[in-house]
Amino acid sequence: MSLRHEHPHPGTSPRHRLRHLLAPHSHEAADKLDPALESSARGLRALWISLAVLGLTALVQAVVVAVSGSVALLGDTVHNAADALTAVPLALAFVLGRRAATRRFTYGYGRAEDLAGVVIVLTIAASAAFAGWTAVDRLLDPRPVDHVPAVAVAALVGFAGNEWVARYRIRVGRAIGSAALVADGLHARTDGFTSLAVLLGAGGSALGLQLADPVVGLVITAAIVLVLRDAAREVFRRVLDAVDPALVDRAERALTRVPGVRGVGELRLRWIGHRLRAEVAVVVDGGATVREAHRIAVDAEHALLHAVPRLTAALVHTDPEPVPGERDPHLPLAHHATA
C-alpha cells in the first residue's frame with residue numbers, strides 16, 4: 001500500500017488547496033518513480049511515431065531522388081533520414097533511464113540521454129558532411145535535374161512531414177521536461193524549412209539554371225551546420241550540468257519562504273535525463289534540536305518539489321546560524337577543499 005499524505009500548503013489559493021484535497025499526493029520514492037516512468041513512455045511513443053512519419057517522408061523523397069538526380073533533394077533526404085534515425089539512440093536512452101538505480105549506478109541511468117545527445121550531434125555532423133560533399137561534386141560536374149515537378153512535390157512532402165513531427169516532439173518534450181526531445185523537434189522544424197529551399201532549386205532547374213540545384217544543396221548544408229551548432233551547444237551544456245539560472249532563482253525564493261530557514265547557502269541543481277535533482281544547504285537556528293532541524297529540512301525539500309518543475313528529489317543540509325566568536329563548524333573540512 002502506498003503512503004500518501006494530505007497537508008496544508010501555506011499561502012496557496014483555495015483552488016490549489018482543493019486540488020490537493022481531492023487528489024492527495026506523495027513524495028515517497030515509489031510515487032516519484034511513476035511519473036518518471038509515465039514521462040519516459042510518452043517520450044518513447046513520440047519517438048516511434050515520429051520515426052515512422054520521417055521514415056516514410058525520407059522514403060518518398062529517396063524515390064524521387066533516384067529518378068531526378070537532384071542533389072538538393074538528396075541533401076534534404078539524407079538529413080530527414082538522419083533525423084529519423086536519431087530517434088533510435090534517444091529511445092534506447094529513455095528505455096535505459098527507466099531502470100532502477102543500483103549500487104554501481106546510484107543515480108540511475110538517466111544520463112544516458114546525454115550520451116544519446118552526443119550520438120545525435122555526430123549524426124547531424126555526418127549528414128552535413130555528406131550533403132556538402134555531394135553539392136560541391138555537382139557544382140564541379142553540373143548535370144540537369146529530371147522530373148522537376150516530382151522534385152517540387154517531394155519537397156512539399158518533406159516540409160509537411162517535418163513540421164508535423166516538429167509540433168509533436170516539441171509538445172511532448174515540453175510536457176515531460178525532455179530538452180533532448182524538444183531540441184529534436186526544433187531540429188525537425190529546421191529540416192522542414194530546408195525542404196522548402198529545395199523548391200527554389202526545382203524552380204531554378206525548371207528555368208534551365210543547372211547550378212541552382214547544387215547551390216541550394218550548399219544552402220541546405222549551411223542550415224544543417226547551424227542546427228549542428230545549436231544542438232552541440234545544448235548537449236555540451238547538459239553534459240556539464242548546466243541549468244537555467246531562473247530555476248536556481250525560483251528554488252532560492254521557495255526556500256526563503258520556508259518557516260525556520262534563516263538563510264540559503266550553496267544550492268546546486270543538475271539534470272539526470274529529463275528529471276532534476278537538487279543539493280542545498282540552509283541556515284537554521286543554532287539552538288534547534290535535531291528533530292526541529294530535520295523538520296525544517298523536510299519542509300525545505302517539500303517546498304522545492306512544489307516550486308521547481310521536474311524536480312524529483314532534493315538533499316537538504318542544515319547549518320547552524322553562526323554566532324560571533326564561534327569556531328566555524330566546517331573548519332575540519334577545510335584541508336579537503338580543492339583549489
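User: What makes Leu-54 and Ser-195 count as residues that Asn-162 touches?

Analyst: In this predicted model, a contact requires heavy atoms within 4.5 Å, and Asn-162 touches Leu-54, Asn-80, Asp-83, Ala-188, Arg-189, Asp-191, Gly-192 and Ser-195, where residues up to four places away in sequence are not counted. Asn-162 itself is found in helix H6, which covers residues 148–176.

User: Why is Asn-162 called buried?

Analyst: The word buried applies under 20% relative accessible area, and because Asn-162 has a relative accessible area of 0%, Asn-162 is buried.

User: Why is Val-239 called partly exposed?

Analyst: Partly exposed lies between the limit for buried, under 20%, and the limit for exposed, over 50%; Val-239 has a relative accessible area of 39%, and therefore Val-239 is partly exposed. The place of Val-239 is in helix H8.

User: What makes Val-118, Leu-122, Phe-236, Val-239 and Leu-240 a nonpolar patch?

Analyst: A patch of this kind takes nonpolar side chains joined within 5 Å, from residues with over 30% relative accessible area and no salt bridge, and Val-239, with 39%, is over that limit. Together with Val-118, Leu-122, Phe-236 and Leu-240, Val-239 forms a nonpolar patch on the surface with about 490 Å² of accessible area. Helix H5 (112–140) and helix H8 (212–239) each supply at least two residues of the patch.

User: How do you know that the span of helix H10 agrees with its number of residues?

Analyst: The expected span is 1.5 Å times one less than the number of residues, so the 18 residues of helix H10 (residues 290–307) should span 26 Å, and since the end C-alpha atoms are 26 Å apart, the two values agree.

User: Which residues of H10 are buried, and what covers them?

Analyst: The buried residues of H10 are Ala-293, Ile-296, Ala-297, Ala-300, His-302, Ala-303, Leu-304, Leu-305 and Ala-307. Their cover includes helix H9 (245–256), strand E2 (275–284) and strand E3 (311–320).

User: How many helices and strands are there, and in what order do the elements run?

Analyst: The protein has 10 helices and three strands, and from the N terminus on its elements run α-α-α-α-α-α-α-α-α-β-β-α-β. Of its 339 residues, 43% count as buried.

User: How do you know where the predictor's confidence stays under 50?

Analyst: Confidence is given for each residue by pLDDT, from 0 to 100, and pLDDT stays under 50 over residues 1–37, for which the model has 39 contacts beyond four places in sequence. The protein averages a pLDDT of 77, and 82% of the residues score at least 70.

Key. Residues numbered from 1 in each chain as written. Predicted model: local features only at pLDDT ≥ 70, side-chain atom pairs only at ≥ 80, totals over all residues. Heavy atoms only, no water. Helix = DSSP H or I, 4+ residues; strand = E, 2+ residues; numbered from the N terminus. Buried < 20%, exposed > 50% of the residue type's maximum accessible area, 1.4 Å probe, protein only. Patch = residues over 30% accessible without salt bridge, like charges linked within 9 Å, V, L, I, M, F, W, Y side chains within 5 Å. Areas by Shrake-Rupley, 256 points an atom, 1.4 Å probe, with all protein chains shown as cover. Salt bridge = Lys/Arg side-chain N within 4 Å of Asp/Glu carboxyl O.
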